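Dear colleague,

Please find the structure below, together with its sequence. My notes on what was found in it follow.

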Amino acid sequence: MSSISLYSLKQEAWCDSKSVFRNLGFVIPTLAFPCAFYLFFGVAMGDEKTSSYLLINYIIFGVMGPALFNFGVNVATDREQGLLALKQLSPMPASQYLMGKTFTALLFSTLIFILLSSFAVLFAGVSMSLLKWGQVYALALLGTLPFCMLGLVMGLSFSAKSAPALVNLIYLPISMLSGLWLPITMFPEALQWFAWILPSYHLSQLGLSILEMHQGFNLVWHLLGVALFTLPCGYLATKKYNSMK
Amino acid sequence: MTNSAVVSVKNLHHSYGNKAVLKGLDFSLQAGRVYGFLGANGAGKTTLINLLLGRLKASQGRIEVLSSTAGSAAAKAKVGAMLQIGSLPANLTVLEQLNLFASYYESPMPVSKALRLSDLNAHENTPFSKLSGGLKQRLLFAIAIIGDPQLVFLDEPSLAMDVNARQQMWQTIRQLKTQGKTVVLTTHYMEEAEALSDELFILNEGKIIAQGSPSELSHNMQLSEVSFACELNESELSTLLPEWSWQVNEGKAATRCKSPNTLLKQAFANGLSCDLLSVKPSSLEQTFISLTETAEHENKTPTNSASDKSAKEQAA
């Protein structure tokens with residue numbers, strides 16, 4: 001792999017972010033969806049405990065969307081339109097393109113974290129130590145990565161036309177089955193075990209552990225759960241990208 | 001083959017599965033020249049370009065681009081390409097896209113120069129989605145040269161351009177040549193190939209069937225189109241003048257031949273009056289058509305008509 005110049009990486013990240021953020025038809029729904037859900041279920045309908053519990057879960061739900069879409073749909077589009085081919089002809093290493101897209105997804109995660117946390121503090125009276133806020137933000141950033149990888153595998157596998165529908169087909173059921181909308185303990189036992197293969201379940205448990213609201217499994221299992229999903233996806237995506245030419 | 005060859009291709013074969021697409025190509029390209037690759041759809045042009053760019057791996061044979069393996073990091077740094085592309089990011093401006101691509105290279109061309117060479121100065125702040133078809137082509141051209149490459153591949157460069165823009169593009173391509181850059185052009189516009197290329201390669205069914213400068217190609221072929229008024233039908237005329245293959249339509253006989261003098265001498269000797277006689281040199285386009293037609297014809301039913309013979313001499 002040839003070396004990446006910092007200047008070029010900055011260009012890549014800014015260009016990808018500008019390109020995505022100028023598309024208000026994408027930005028507004030992506031941000032509004034988790035905000036509206038949180039304000040309705042987490043702020044208007046619950047007590048402070050529910051508000052804190054759902055804050056974690058809607059942050060996870062919120063960071064999944066842009067990561068899945070910017071990779072799943074936009075990579076499929078770049079590939080089909082030939083932009084990816086043009087970039088592959090340049091000396092730019094593949095990882096730079098992916099880092100640029102990851103940067104955009106992390107920007108979205110930051111915005112989601114700021115928006116939902118503000119609602120939680122201002123309207124629901126949620127309070128926690130600065131350290132805990134820091135941990136929640138770190139979780140939001142970490143939680144972006146598995147979905148970048150999953151999105152990437154999808155973007156490299158499906159056509160630009162089918163990618164949006166397929167991303168939705170994965171996004172919403174995964175959120176539901178990970179217990180992001182309803183507490184996982186309300187599910188039948190078989191479904192609770194099924195959630196173990198979903199990174200969003202593990203992220204949710206990690207987040208809830210900050211507030212001591214998790215199910216109580218050793219956190220190592222949850223970290224392992226995230227890693228065991230992210231790494232194979234990353235491997236598969238790299239393989240697909242390299243064989244694409 | 002000299003050491004200064006920018007591209008050297010030896011015994012290149014390529015097949016997709018069982019289907020052979022390129023069947024033994026040998027050529028080398030020198031610095032500071034424009035090369036045109038012509039061929040009907042399916043002749044193997046796109047496959048060849050993709051191999052030269054390193055987007056495909058050759059089934060057999062050797063390709064060297066600027067003394068490196070095609071598609072290696074070293075080659076990529078010195079090669080630029082203009083591909084037929086659906087779209088660049090729709091809401092990034094011309095300037096933003098060029099700055100981004102310039103950042104990929106260690107010593108790129110200044111963005112202002114690329115803008116000037118592709119005549120995009122007036123549009124630098126226009127987002128891609130607002131550019132006309134011709135302007136989009138110019139941006140793709142600018143991206144192809146932004147790395148200040150030694151070798152530039154241009155695929156249908158003046159597609160969707162009006163006459164003025166096309167002239168401008170030709171001017172720029174000639175400018176690249178005077179700077180010592182090698183340009184490889186694939187195009188469907190025969191006029192463009194003729195105007196720009198120092199050397200033409202005509203590909204047919206995976207083989208180079210003719211190679212030379214545009215004037216050489218038409219000259220060596222020496223194909224002239226001869227036609228005159230004639231009351232005989234095709235078979236009568238063919239018995240009278242059996243060396244040529246005739247087409248008779250509504251009292252007008254026509255053929256293509258290498259030496260119109262011989263033909264006319266025999267025609268007069270046979271008592272034809274040849275009223276409304278017309279003799280004109282075959283254009284490059286017609287040369288191309290007759291070359292590829294003949295090659296196809298030969299592949300199917302080997303015959304020995306006069307025009308076939310002349311094309312065969314040429315292909316050899």
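In this predicted model, the side chains of B:Glu199 and B:Arg33 meet in a salt bridge, with 3.7 Å from N to O. The pair links distant parts of the chain, 166 residues apart: B:Glu199 lies in strand 9 (residues 199-204) of chain B, and B:Arg33 lies in the loop between strand 2 and strand 3 (34-39) of chain B. B:Glu199 counts as buried because its relative accessibility is 17%, under the 20% limit. B:Arg33, at 30%, is partly exposed.

Over all chains, the structure holds ten salt bridges. One of them joins B:Asp198 to B:Lys177, whose closest N and O atoms are 2.9 Å apart. Here too the pair links distant parts of the chain, 21 residues apart: B:Asp198 is in the loop between helix 7 (190-196) and strand 9 of chain B, while B:Lys177 is in helix 6 (residues 163-178) of chain B. B:Lys177 has a relative accessibility of 27% and counts as partly exposed. In chain A, a network of salt bridges links A:Asp16, A:Asp78 and A:Lys101.

Chain B also contains an open sheet of four strands in the order 2-1-4-5, with antiparallel pairing. Its edge strands, strand 2 (19-29) and strand 5 (68-69) of chain B, each pair on one side only. Eight antiparallel bridges join strand 1 (residues 7-16) to strand 2 of chain B. Helix 1 (residues 45-52) of chain B packs on this sheet and touches strand 1, strand 2 and strand 4 (60-65) of chain B. The direction of helix 1 makes about 120° with that of strand 1 of chain B.

Yours sincerely

Methods. Residues are numbered from 1 along each chain as its sequence is written. Chains are lettered from A and ligands numbered from 1 in the order in which they are written. This is a predicted model: local features need pLDDT of at least 70, side-chain atom pairs count only at pLDDT 80 or more; totals for chains, interfaces and linings use all residues. Side-chain values use heavy atoms; hydrogens and water are left out. Two strands pair if DSSP finds at least two bridges between them. Helices (H or I, at least four residues) and strands (E, at least two) are DSSP runs, numbered from the N terminus. Contact means heavy atoms within 4.5 Å. Axes are lines fitted to C-alpha atoms, for helices over the stretch in contact, and angles run from 0 to 180 degrees between N-to-C directions. A salt bridge is a side-chain nitrogen of Lys or Arg within 4 Å of a carboxyl oxygen of Asp or Glu. Buried means under 20% relative accessible area, exposed over 50%, partly exposed in between (1.4 Å probe, protein chains only).
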